[in-house]
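The following note sets out numbered points for a colleague meeting this structure for the first time. Please read them beside the sequence and the model.

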Amino acid sequence: MGWIRLILALLGLVLAGLVIYWQLIVAEGTYLGPGVVALLYDWSAHVYERIKQFDVGDEQWFLGLPLVRALSLIPAPLVLDVATGTGRLPRALLRQPAFDGRVIGLDLSRRMLRQAVERTAQFADRLTYIWQDARRLPFDDDTFDAVTCLEALEFTPDAREVVAELVRVLRPGGVLLVSNRIGQDARWLPGRALSNEGFEQMLHSFPLEDVKRQSWQMDYDLVWAIKTGRPQGGGVRPLVEIARCPACRGQLNREARGLRCQDCGCDYPIAEDGVIEMIGKRAR
Ligand SMILES: C[S@@+](CC[C@H](N)C(=O)[O-])C[C@H]1O[C@@H](n2cnc3c(N)ncnc32)[C@H](O)[C@@H]1O
């Protein structure tokens with residue numbers, strides 16, 4: 001009977017290993033909550049770009065160039081990249097000579113943002129990074145000319161909740177660019193990765209038109225859309241004009257070392273590397 005126990009124990013170990021591999025490597029912590037997702041990205045931030053091996057030509061062709069074209073009629077466009085990671089989208093956009101706007105990048109992993117700061121240092125005067133959860137974007141409604149979110153929706157507890165936020169802060173007539181998870185691994189993300197039809201259906205439930213899917217990478221399609229409504233506003237605006245307190249949506253004022261909510265008094269420090277730390281907020 002001893003060998004049966006041994007086999008069962010081995011099977012148990014293999015099974016536990018497979019579950020751990022699925023949860024931490026394939027699903028990247030998504031079923032364990034945003035805290036675990038952020039922790040895993042914090043741990044892997046220093047090797048992220050080495051693993052991804054972004055090709056500069058592809059990044060320009062699929063991201064930088066089409067976005068610049070889509071924004072060509074807006075003088076100095078304002079772009080928000082949600083779940084910016086190591087600053088891939090800001091880099092693709094700011095490398096385009098025709099882009100004369102500004103980009104705000106937001107992410108839940110502080111170490112990914114540190115990498116982003118280093119890798120986009122040459123564009124620092126046109127970039128702001130914010131440490132914050134995508135489920136509560138710290139901005140006023142109808143603010144950005146373009147809102148992007150690449151390779152991230154499936155790692156949030158409810159993609160719909162995040163898309164609602166992306167659309168809320170996008171101004172009417174603005175461009176939404178998101179990615180949908182496809183390919184082999186998508187089947188191991190039940191309840192997180194949506195079918196192409198399901199994803200497009202979800203987008204159509206928001207005030208979006210011109211929803212277009214485009215083949216992109218092995219694991220992701222790109223989806224473009226325009227926010228419906230009479231185009232209004234547009235262009236770069238000072239941060240304090242558009243930023244809102246993530247705790248109470250109050251107006252933020254610029255203080256010596258960060259931002260302070262004039263309603264609830266929460267402080268949001270600006271760290272030494274320039275990142276605005278909204279997750280590390282301090283009540284007054
Ligand atoms: C695969 S990376 C993609 C990064 C970048 N968009 C790119 O294409 O290289 C996923 C990113 O989503 C971020 N993320 C996951 N959940 C998030 C959330 N709830 N709010 C903000 N960022 C989140 C992670 O920290 C990570 O940087």
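Throughout this note, a residue is called buried under 20% relative accessible area, exposed over 50% and partly exposed in between, with a 1.4 Å probe and protein chains only. The model is a predicted one, in which local features need pLDDT of at least 70, side-chain atom pairs count only at pLDDT 80 or more, and totals for chains, interfaces and linings use all residues. Residues are numbered from 1 along each chain as its sequence is written, and side-chain values use heavy atoms, with hydrogens and water left out.

1. Aromatic pairs. Rings of Phe, Tyr and Trp (its six-membered ring) are paired if their centres lie within 6.5 Å; planes under 30 degrees apart are stacked, over 60 edge-to-face, and the rest tilted. The whole structure holds six aromatic pairs. In one of them, the ring centres of tryptophan 216 and tyrosine 220 are 6.4 Å apart and the planes stand at 55 degrees, so this pair is tilted. Tryptophan 216 is buried because its relative accessibility is 12%, and tyrosine 220 is buried at 4%. An aromatic cluster is formed by Tyr41, Tyr48, Phe54 and Phe155.

2. Arginine 181. Helices (H or I, at least four residues) and strands (E, at least two) are DSSP runs numbered from the N terminus. Arginine 181 belongs to strand 5, residues 170-181. Is this arginine 181 buried or exposed? With 7% relative accessibility, arginine 181 counts as buried. Polar contacts are pairs of N or O atoms within 3.5 Å; within protein, one atom must be able to donate a hydrogen and the other to accept it, and residues adjacent in sequence count only if both atoms are side-chain atoms. The side chain of arginine 181 has such a contact, of 3.2 Å, with the side chain of glutamate 154, and another, of 3.3 Å, with the side chain of tyrosine 220. Taking contact as heavy atoms within 4.5 Å, and leaving aside residues up to four places away in sequence, arginine 181 touches residues including Phe155, Leu189, Leu194 and Asp219.

3. The ligand. A residue is near a molecule or strand if one of its heavy atoms lies within 4 Å of it. The ligand is surrounded by 19 residues, the closest being Tyr48, Ala83, Asp107, Ala134 and Leu150. The shell comprises 10 nonpolar, five polar and four charged residues; here Ala, Val, Leu, Ile, Met, Phe, Trp, Tyr, Cys and Pro count as nonpolar, Asp, Glu, Lys and Arg as charged, and the others, Gly among them, as polar. Helix 2 (residues 34-52) contributes the most to this shell, namely three residues.

4. Polar atoms around the ligand. An N or O atom in the side chain of aspartate 107 lies 2.6 Å from an oxygen atom of the ligand. A polar side-chain atom of arginine 88 is 3.0 Å from a ligand oxygen atom, and a backbone N or O atom of leucine 108 is 3.2 Å from a ligand nitrogen atom. The protein buries 98% of the 590 Å² that the ligand exposes when taken alone; these accessible areas come from the Shrake-Rupley method with a 1.4 Å probe, and for residues only the protein chains shown count as cover.

5. Helix 5. Which residues of helix 5 (residues 110-119) are buried? They are Arg110, Met112, Leu113, Gln115, Ala116 and Val117. Their cover includes helix 2, strand 2 (102-107), strand 3 (127-131) and strand 11 (276-277).

6. Leucine 89. This residue is part of helix 4, residues 88-94, and is buried at 1% relative accessibility. Leucine 89 and cysteine 149 are 60 residues apart along the chain, with 8.9 Å between their C-alpha atoms. Not counting residues up to four places away in sequence, leucine 89 touches Leu63, Leu67, Asp81, Thr148 and Leu150.

7. The loop between strand 3 and strand 4. Aspartate 142 lies in this loop, with strand 4 spanning 144-149. Its phi is near 50 degrees, a positive value in a residue other than glycine, and aspartate 142 is partly exposed at 30% relative accessible area. Threonine 143 is in the loop between strand 3 and strand 4 too, but is buried at 2%. A polar side-chain atom of threonine 143 lies 2.7 Å from the backbone oxygen of aspartate 140.
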